[in-house]
Amino acid sequence: MLSNSDEPAHSVKAAALMEGELSPPKTPLPDDGPGALLRGGFTTVVHVPEAYTRQTSELPLCYIYDATKSAACAPRFVADDRPELWTTVVGRYPPTYYAAVGWVTTFDTGAIGFYAMRLLSAALCAALLAGSLAAAATTRRTRFMAVGVLLACTPMVYVLAGSINPNALEAAAGICAWATLAAALVHPADRLLPKPLLLGVGASCVLLALTRPLSTLWLAVIAVGVLAALGRWRDIVERLREPAVRVVVALVGVAAVAGVVWTVLANSLGNQSGYEPRGLDLLHVVKHSLALTPSYLRQMVAAFGWQRVQGPWPLSWAWGFLILVVVGAALRWGARRLAFTAVGLL
């Protein structure tokens, strides 16, 4: 229980939302001096059931920092409905994901409610990933697109999907947005877009835009990437003549604007303003980020249990190699626009 990264903070946020805490008040994090992980950021104060206070932060401590220890050392999760004040650094995150999974906490504040949130998260992500493969099946080159979808679904995607974490919904919705938008753009221009495909585009893009503080940025990257690689102005204009397409575009546009407005007004990213390192110029920032590429690759592919149990490095590098193979195939056999887009995205 609570064995995946940041589950305590996200489960508290989900329970708080059900108590009406949509945008809880901020309180500054202590400045512990140079080298501290958090300096100058903020956390939020929320009202939650007693079960979601100390238990959520203390229960996994006996094993999350020691990969050799069994989770059996953790005490039992005890239900307790009494109201209590607690904190969570993600209190200002968009409410979409937490509303989708947190409603079960109103029925049970114990282990049943906790595992129910995990199951709801897994079901939502599974539906989006299934939609990705269904979209691939509608294209002329089904096998190639299906390979791309499966390659995007790293083991980490499934790990997150089985936890209480909006990163899971962001990843699954992002994959589905890529697949459904691509399938829509390569659909024969003389046929109306199938309603299930349009539903997939709308649902995945709206959910992505409203899931996490930077999700709207990823939606923009996906939309620009797909349009740059596959879009033809004449076909796009023709598609926009379809009433159902205009409705979907309008809904996605509203969701994207809402996502940006929420991030700005709620200051959703401000909780991380104190993360070290600080004061680096652009060149040092680039060097710092590039030096972390192996770590990012491993976290993207397989890093379990608060990232304390790392997947074998050959798996991560093999996955990275496969990504390069796909990009190489785009450069070798794809149209020029597709090749330039693939390189740009990489």
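The model is predicted, so local features need pLDDT of at least 70 and side-chain atom pairs count only at pLDDT 80 or more, while totals for chains, interfaces and linings use all residues. Residues are numbered from 1 along each chain as its sequence is written, and side-chain values use heavy atoms, with hydrogens and water left out.

I begin with the cysteines. A disulfide is taken as a pair of cysteine sulfur atoms within 2.5 Å. The search of the whole structure returns one. It joins Cys 62 to Cys 73, with an S to S distance of 1.9 Å. The torsion about this S-S bond is about 85°, so the disulfide is right-handed. Both Cys 62 and Cys 73 sit in the loop between helix H2 (54-58) and strand S3 (83-88), eleven residues apart. Helices (H or I, at least four residues) and strands (E, at least two) are DSSP runs, numbered from the N terminus.

For burial, I use relative accessible area with a 1.4 Å probe and protein chains only: buried is under 20%, exposed is over 50%, and partly exposed lies in between. Cys 62 is partly exposed at 24%, and Cys 73 is partly exposed at 36%. Cys 176 is in no disulfide; its nearest cysteine sulfur, that of Cys 205, is 8.2 Å away. Cys 176 is buried, with 2% relative accessibility, and Cys 205 is buried at 3%.

Cys 205 brings me to helix H8, where it is among the buried residues, together with Leu 197, Gly 200 and Leu 208, for example. The buried residues of H8 pack, by contact (heavy atoms within 4.5 Å), against helices H3 (96-102), H4 (111-136), H7 (166-186), H9 and H11 (243-266).

Next, the salt bridges. The criterion is a side-chain nitrogen of Lys or Arg within 4 Å of a carboxyl oxygen of Asp or Glu. Six are found in the whole structure. One of them pairs Glu 242 with Arg 239, with the closest N and O atoms 2.6 Å apart. Glu 242 is buried at 11% relative accessibility, and Arg 239 is buried at 11%. Asp 80 pairs with Arg 82 at 2.7 Å between the closest N and O atoms; Asp 80 is buried at 18%, whereas Arg 82 is exposed at 54%. Glu 50 and Arg 54 form a further bridge, at 3.6 Å between the closest N and O atoms. Here Glu 50 is buried at 17% and Arg 54 is partly exposed at 39%.

Finally, the surface. Trp 178, Leu 214, Leu 217, Trp 218, Val 221, Leu 269 and Leu 345 form a nonpolar patch with about 580 Å² of accessible area together. Patch residues have over 30% relative accessible area and no salt bridge; like charges are joined within 9 Å, and nonpolar side chains (Val, Leu, Ile, Met, Phe, Trp, Tyr) within 5 Å. Areas come from the Shrake-Rupley method with a 1.4 Å probe, and for residues only the protein chains shown count as cover. Helix H9 (residues 215-230) gives the most to the patch, with three residues. Trp 218 lies in H9 and is partly exposed at 38%.
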